[in-house]
Amino acid sequence: MLTYDSCPEELLKTISFKESMECLKWAYKEYGEEIVYACSFGAESSVLLHLISKIKPNARITFIDTSLHFKETYEILNEVKEKYPDFQINSIYTSMSLEDQANQYGENLWERNPNQCCQIRKIEPLKNELKKYKAWISGLRKSQSETRANIEYINMDHKFKTIKICPLIHWNWEEVWMYIKVHDLPYHELHDKGYPSIGCKVCTKPVTGDGDLRSGRWLNHQKTECGLHMD
Ligand code: SF4
């Protein structure tokens, strides 16, 4: 089994899967029950959930619930549960309530120090969750942003000391939507209201004009990533 400790650099360069399905088939064959998909319920998730359901109908799915999501995010979560009843979907949380966070760090930490807020509400819970698994799946695409241009199907995840599988790296935004429409898949309602990328409601705005797909996240900050995908 390929693990963080046994993954040779050469292997990362030579393994090149042509299709996302091949990538997922390999991942589930390799890791069986020891792989989890960390799902955000954005458009890429709609595609990936559908692909995974063809290969592993009872796959383990985890959702990082920051307690600050849009109500539409919880609605799509419930729709997915109905569409794929065999998926094992688990929401994970930080141990720090919003009230405790405000008491310890002050009100609206996300406005003053979003990195710290993401660390508490997203990164720590996922770090704890990934200790249970040998690998995880993410819906990252190369064309989403410059920071994601170098991701591969199989990645050494130095942050979480694990393996990260990204089956959708070559999909473009149009293909994602074509797939959703062709298969009539449930998708996050806010995509129809100008939100191409959706995170916590206090840090996500609609994108206007020529802004890139993630330009509505953390407006007024240099931050472009929550930190889950940065070593
Ligand atoms: S996206 Fe915003 S509110 Fe959500 S965890 Fe990060 S900083 Fe906090």
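Start by selecting E33 and R60: in this predicted model, the two form a salt bridge, with the closest N and O atoms 3.3 Å apart. Now color by secondary structure. E33 sits in the loop between α2 (20-31) and β1 (35-38), while R60 belongs to strand β2 (residues 60-64), so this pair ties together parts that are 27 residues apart in sequence.

You're now looking at a network of salt bridges that links E33, K56 and R60.

Next stop: R141 and E44. Their side chains meet in a salt bridge, 2.8 Å from N to O. R141 comes from the loop between β4 (135-137) and β5 (154-157), and E44 from helix α3 (residues 43-55), so here the pair ties together parts that are 97 residues apart in sequence. Buried or exposed, what are R141 and E44? Both are buried, so each has under 20% relative accessible area.

Then jump to K193 and E189. These two form another salt bridge, and the closest N and O atoms are 3.2 Å apart. Bring the surface back: K193 is partly exposed at 46% relative accessibility, and E189 gets that label too, at 35%.

Conventions
Residues numbered from 1 in each chain as written. Predicted model: local features only at pLDDT ≥ 70, side-chain atom pairs only at ≥ 80, totals over all residues. Heavy atoms only, no water. Salt bridge = Lys/Arg side-chain N within 4 Å of Asp/Glu carboxyl O. Helix = DSSP H or I, 4+ residues; strand = E, 2+ residues; numbered from the N terminus. Buried < 20%, exposed > 50% of the residue type's maximum accessible area, 1.4 Å probe, protein only.
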